[in-house]
Structure formats: C-alpha cells, structure tokens
Amino acid sequence: MKLGFIGTGNMAGAIMGGIIRNQIFAPEEIIGADVSEAGRQSVKEQYGIEVTDDNKKTASESEVLILSVKPQYYAEVIAEIRDCISMDQMIITIAPGKTLCWLEEQFGKPVKLVRTMPNTPALVGEGMTAACVNQYVTAEEKAYAVKILSSFGKVELVPEHLIDAVVAVSGSSPAYVFMLIEAMADAAVAEGMPRAQAYQFAAQAVYGSAKMVLETGKHPGELKDMVCSPAGTTIEAVRVLEEKGLRSAVIEAMKACAGVSRKL
C-alpha cells in the first residue's frame, strides 16, 4: 500500500512525521508531490520519502491520497488528477471550506472522501483533527482513516456542519494561544524576567492548564475558581481581563474565523 501527498508543506510534513513515527507507513511507502523543488527536497531529506513534481503519478500510485495544498488550489489539482482516481482509493482532504458535496462535484464521479481539519500542533504529535466521511467510505475504511489521523494527535468524528466551528476552535486557535503566550511573556519581561525564561514560564503554564482540563474532566470555570483566592492576586488579574473584554474578544474572533471558513 502507498500513501501519497499532493503538497508537501508544513502540515503535510507534520502528518508524514507522525505516520512514520507510529509505523503506519514506512518512508518507502510514501510519495509526495509538490511544484516547489525546495519543498520536495525538504521532506525527502527529513523523512526519506519518494518525491516528485508529478501530481498524476502520485495520484495513480497511492491507495490513500492526502490533498494538502491550499484551498484555492483544490479545483485545479482535482481537475488534473480526477481521471487517475478510482473507487479503490481513499482521498483525505485538509482544506477549510471545501465540503464533501463540493469535492464530489469536482471529481465528477463517486469517490471515497474523508474531509478533515487538523491543526499545526500535529508538528509535535499533539494535533487535534476533526473528520467526516461521505457515503462511499465503509466503516472499516473510516476506522483506517482515523488510525492514520491519530498518528499525529487526537481525532474526533464530527458531522460536517460542525467543521467551520472546528476551524475556529482548533484549526486556527493555535495562533490565538501563541498570541496569549507572547503577551504573557511580554508582561513578564516588563517585570524584569529574561525573555527566554518568560516564554518558558508562559508556555508551560498554558500547556499544564490545558492538560488539567483534559485529564481532570473538571469544567474550566471550576479550575479557574480553584486558582482565585479571595482578595488575591489571581482574581484581580481575572477582573482586569473581564473588564478588557477577553471573553468577548475570543468569541468574536472565532465567529469571524468560522465565517471566513464558510466562504472559502
């Protein structure tokens, strides 16, 4: 069996790394196509996979094909490869805005489709991916797709109408978290802490807090209350965050994000 990638950018590389680390596919079983020679050579050197500039070759040789190009190139790429695709293959997409219906129309024939929305923490094996499938994917094939996607983080099967919410809450949200970490570190630097140390403290605090939510099963509000002593330092910081509209800013940002996703 061969796994193919059309597009070998950061997300594709993250997926390749997880798949190889977890021995889902060996490097010699993976082929990656990209118009960029630099992109091709980067994944070849890093992961030892076969690379090519020929999308049709990759599509023809792959039993599972991951379309990892930017959304604006999907129509062009599908038009190029659709005659190479058969019902024996499974196509995994990672583009926001490209619905199963739209994808089926582009291929113009029955094709097994798995629509996903991963995120960049896949680079460190801590991705969060949502997936949905069309009617041609069997239960066994769906389980196999989940196995592949689980190699670089957690996976949840969701109804397709939730994909735009997924884009906002996990697909794009690492950027919001990085901004929070940066702001926290800036504040620590303003208090005299060396910058490298400030990033370490801020990032570990975010990582540990997220882990508490996942592992304790407690409501985030309850965990927040556990830190807020009466008349203490934390509740004063929380008061200022509420005064400055932190919650509203996050909610409005995510609604805007989901809105753009629907239009892609």
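Welcome! Because they sit three residues apart in helix 11 (residues 233-243), about one helical turn separates Arg-239 and Glu-236. The model is predicted, so local features need pLDDT of at least 70 and side-chain atom pairs count only at pLDDT 80 or more, while totals for chains, interfaces and linings use all residues. Residues are numbered from 1 along each chain as its sequence is written, and side-chain values use heavy atoms, leaving out hydrogens and water.

**Overall build**
- The protein has 12 helices and eight strands; these are DSSP runs numbered from the N terminus, with helices being H or I of at least four residues and strands E of at least two.
- Its C-alpha trace spans about 65 × 40 × 30 Å along the principal axes.
- Of the 264 residues, 40% count as buried (buried means under 20% relative accessible area, exposed over 50%, partly exposed in between, with a 1.4 Å probe and protein chains only).

- Eight strands form an open sheet of mixed pairing, in the order 3-2-1-4-5-6-7-8; two strands pair if DSSP finds at least two bridges between them.
- At the edges are strand 3 (50-52) and strand 8 (153-157), each pairing on one side only.
- Strand 4 (residues 64-67) runs parallel to strand 5 (residues 90-93), and four bridges pair them.
- Leu-65 has Ile-91 in strand 5 as its bridge partner.

**Salt bridges**
- The structure holds 13 salt bridges.
- One of them joins the side chains of Glu-141 and Lys-112 (2.6 Å, N to O).
- That pair links distant parts of the chain, as Glu-141 is in helix 6 (residues 139-149) and Lys-112 is in strand 6, 29 residues apart.
- Lys-112 counts as buried, at 11% relative accessibility.
- Arg-115 and Glu-160 also meet through their side chains in a salt bridge (2.8 Å, N to O).
- Here Arg-115 lies in strand 6 and Glu-160 in the loop between strand 8 and helix 7 (163-171), 45 residues apart.
- Arg-115 is buried at 2% relative accessibility, whereas Glu-160 is partly exposed at 27%.
- Lys-2, Glu-50, Lys-57 and Glu-61 are linked in a salt-bridge network.

**Back to helix 11**
- Arg-239 is partly exposed at 41% relative accessibility, and Glu-236 is partly exposed at 39%.

Key:
Salt bridge = Lys/Arg side-chain N within 4 Å of Asp/Glu carboxyl O.
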